[in-house]
Amino acid sequence: MTSLASRRANQSASQPSSQQKPIQQISFNRTELMTILNIYGRMVAKGEWRDYAIDALKDRAVFSIFRRTGEMPIYRIEKDPKLARKQGAYSLLSQQGLILKRGQDLNTIIKLLNQKLLKIVEK
């Protein structure tokens, strides 16, 4: 037979305490998503991109862009708030994991992707 004190200790160990902080996830806000999905929609209409994935992790948020569903992402837009005061919270990574652009503002990252939309038209 177990004692009352040991049962209470087991119950309190299995229940989370009210003082513990809930696990916080980093995610894109509405305006950031609208900016990203705007360029994404234009590239889908052009036929360049086909699929995307959004990951809300503990330390960063990732928007992955795929040419085809079964492949590695060709671009990843990452939001890492820990780097906001250093190199910038936003970064654009290539398929190989190389950082193509990093900055404080998401629009500076998107400008690099907008360059793919522009075509030289000859008369």
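Are Tyr-40 and Phe-63 buried or exposed? Both Tyr-40 and Phe-63 are buried, where buried means under 20% relative accessible area, exposed over 50%, and partly exposed in between, with a 1.4 Å probe and protein chains only. The model is predicted, so local features need pLDDT of at least 70 and side-chain atom pairs count only at pLDDT 80 or more, while totals for chains, interfaces and linings use all residues. Residues are numbered from 1 along each chain as its sequence is written, and side-chain values use heavy atoms, with hydrogens and water left out.

**Aromatic pairs**

- A search of the whole structure finds 5 aromatic pairs, a pair being rings of Phe, Tyr and Trp (its six-membered ring) with centres within 6.5 Å, counted as stacked when the planes are under 30 degrees apart, edge-to-face when over 60, and tilted for the rest.
- One of them joins Tyr-40 and Tyr-52 edge-to-face, at 5.0 Å centre to centre and 75° between the planes.
- Because Tyr-40 lies in helix H2 (residues 30-46) and Tyr-52 in strand E1 (residues 51-56), this pair ties together parts that are 12 residues apart in sequence; helices (H or I, at least four residues) and strands (E, at least two) are DSSP runs, numbered from the N terminus.
- Tyr-40 has 10% relative accessibility, whereas Tyr-52 is partly exposed at 36%.
- The rings of Tyr-40 and Phe-63 are also edge-to-face, with centres 6.2 Å apart and planes at 75°.
- Phe-63 lies in strand E2 (residues 61-66), so its pair with Tyr-40 of helix H2 ties together parts that are 23 residues apart in sequence.

**Aromatic cluster**

- Tyr-40, Trp-49, Tyr-52, Phe-63 and Tyr-75 form one aromatic cluster.
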